[in-house]
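I am opening a notebook page on this structure, and I want to record what I looked up, in the order in which I looked it up.

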Amino acid sequence: MTATKALDFYLPDELNASHPPEKRGLRRDHVRMMVLDRTTGEITHDRFFHLDKYLESGDLVILNNSRTIPAVLHAEWLRNTVQLAPEVEVRLARRRSEDIWDALIVANPVKTGDIFHLSPELSATVIGEKENSPLKHIQFTKKGTELFNVIYALGEPVRYEYIDQPWNLDYYQTVFASRPGSVEMPSAGRAFSWELLFKLMRMDIKVDFIQLHTGLSYFLDDQWIQTPEDNEEEYHISDRTMARIIETKASGKRVIAVGTTVVRALETAAINGALSGVTNLYIDQQFPLKIADGIITGLHEPKASHLDMLSAFVSERHLLRAYNQAIDTGYLWHEFGDMNLII
Amino acid sequence: MENKVVMITGASKGLGRALTLAFAKEGARLAICARSSENLLRVKEEAVGLGAEVLAVTADISKSRDVERFVAMTEEAYGRIDVLINNASILGPSPMPLLLDYPEEDFAEVLRVNAVSAFLVTRRVIPGMLERNVGSIINVTSEAGHTGFAGWGAYGISKFAVEGLTQTWADELSETNVRVNMVDPGEMDTDMHQLAVPDCDYPLAKPEDVVNVFLYLASDKASGINGQRFAAQSEEV
């Protein structure tokens with residue numbers, strides 16, 4: 001049992017960022033940044049492009065280079081050749097193999113054997129379901145790059161209820177993403193620009209990448225609360241990156257993880273020694289972090305399990321105080337919102 | 001070139017086809033695209049016949065969605081892109097009207113296809129190159145992109161944009177090992193040249209004759225060369 005004791009607070013609606021910064025007249029790297037000292041709990045308010053002020057030569061910043069795919073599809077729903085609905089939503093949740101995905105099908109009740117026609121050239125059959133979850137296993141009639149071809153031609157990015165305009169997929173990408181596979185943007189890296197990354201590198205602050213493809217985090221129905229242990233995600237860390245991490249730690253410098261996905265991948269590798277695999281690691285206050293010395297992240301919803309992870313970096317008391325201050329001073333939440341550096 | 005992943009836009013005919021076949025002979029793994037599938041698949045078959053691995057994708061790379069689809073499929077298939085050749089372009093109305101007579105929509109379309117697409121594809125491909133800190137981008141330009149000639153219309157202006165894009169990007173990347181250069185292939189016997197100069201009465205090079213400078217710029221021999229303009233048919237190359 002986990003995620004039962006979650007941090008709660010009241011988040012006013014107007015603090016949900018409904019527009020990307022670029023649509024609010026702001027460069028992506030000019031969003032606000034709340035800096036929270038891990039030890040003292042001291043809070044500083046700044047802009048993200050001043051990140052370099054809080055880092056030192058020799059520190060290593062690790063980013064997740066997974067790229068967002070357009071995971072929301074629409075399909076005709078058929079059972080035994082009878083049409084049950086002309087159009088239902090099929091939300092890809094996680095890739096299982098070349099042609100099999102876990103998917104949330106927004107229709108009820110979907111049964112094994114049901115067929116979904118996504119286009120004249122692509123359909124999918126329900127071949128099973130995931131335990132304790134609304135997700136179904138679906139098998140497509142295409143696989144690999146051919147399947148990607150159709151998904152990219154038809155799909156739209158996952159957009160949540162606080163988004164009132166259909167921002168195109170490009171707004172759901174970080175500038176450094178080059179490994180397609182995430183169902184939701186690994187959004188902690190969104191505020192980085194190449195200009196900022198080049199600046200860090202010139203200061204001998206190292207930048208490196210790992211890969212963790214995010215899965216679907218919300219199932220559109222509060223009946224289903226996905227715990228981190230239910231949410232298995234595929235990760236990959238290269239030998240070279242791990243060597244740089246070890247080198248950084250050995251020289252007394254800090255490893256800064258950009259996003260909860262990066263913390264998850266790094267700490268999984270620290271525990272089991274596997275540089276690639278699937279993780280369902282749950283990190284909370286009691287978790288002894290072995291690699292990440294700091295985290296750059298967005299602002300997380302009340303009761304989100306991500307907050308449990310943040311309390312591994314800083315005491316709940318300091319975290320809650322910082323969050324209250326962020327609310328009072330109008331920070332923006334979610335993937336298009338402001339940033340939080342805990343160091 | 002063995003096993004290098006080479007992406008070529010506008011590969012169904014002319015220079016794009018010649019480049020595809022030249023890189024195929026050198027053992028490259030290819031990702032090629034064009035707007036119409038028929039000729040593209042023919043070029044793919046030819047390259048496969050030379051022993052190459054080829055991903056051919058029908059795409060209109062002046063559209064962001066198609067760029068994302070083409071590049072993501074390539075990353076999915078090969079895991080990386082080592083060389084990008086921005087070759088795709090259109091001429092616009094033929095015979096080319098003077099700018100004085102140029103239709104507004106045609107002007108915008110030529111700029112969009114020739115200049116905006118090179119921006120979109122390059123911006124999409126560079127991050128993977130920067131992550132590995134290696135990569136070569138080659139933009140195809142034209143003499144008409146270097147000097148303004150009456151009668152070369154929007155095409156020439158779009159190539160001026162490509163040259164500016166090359167220089168600006170090369171400067172932005174100057175602290176990295178990713179390099180951006182451009183090649184003016186010179187006049188060639190292609191469908192596009194037929195549209196540009198309908199009654200051509202002078203001899204023309206074959207597209208196959210100009211591929212060497214591209215092979216060179218794509219190779220490790222050209223590492224360190226950044227922001228340069230090459231003329232494939234002039235003496236100095």
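I began with the secondary structure of chain B, which comes to seven helices and seven strands, where helices (H or I, at least four residues) and strands (E, at least two) are DSSP runs numbered from the N terminus. From the N terminus on, I read the order as β-α-β-α-β-α-β-α-β-α-β-α-α-β.

I noted that this is a predicted model, in which local features need pLDDT of at least 70 and side-chain atom pairs count only at pLDDT 80 or more, while totals for chains, interfaces and linings use all residues. Residues are numbered from 1 along each chain as its sequence is written, and chains are lettered from A and ligands numbered from 1 in the order in which they are written.

I then looked up burial, and found that 51% of the 237 residues of chain B count as buried, meaning that 20 or more other C-beta atoms, placed from the backbone, lie within 10 Å of the residue's own.

Next I turned to helix H1 (residues 14-25) of chain B, where eleven of the twelve residues are buried, so the helix is largely enclosed by the rest of the structure; among them are B:Leu15, B:Arg17 and B:Phe23. Just after H1(B), I found B:Gly27 with a positive phi of about 90°.

Last, I looked at the contact (C-beta atoms, placed from the backbone, within 7 Å), which takes 14 residues from chain B and 17 residues from chain A. On the side of chain B that touches chain A, H3(B) gives the most, with eight residues.

Notes: Contact = placed C-beta atoms within 7 Å.
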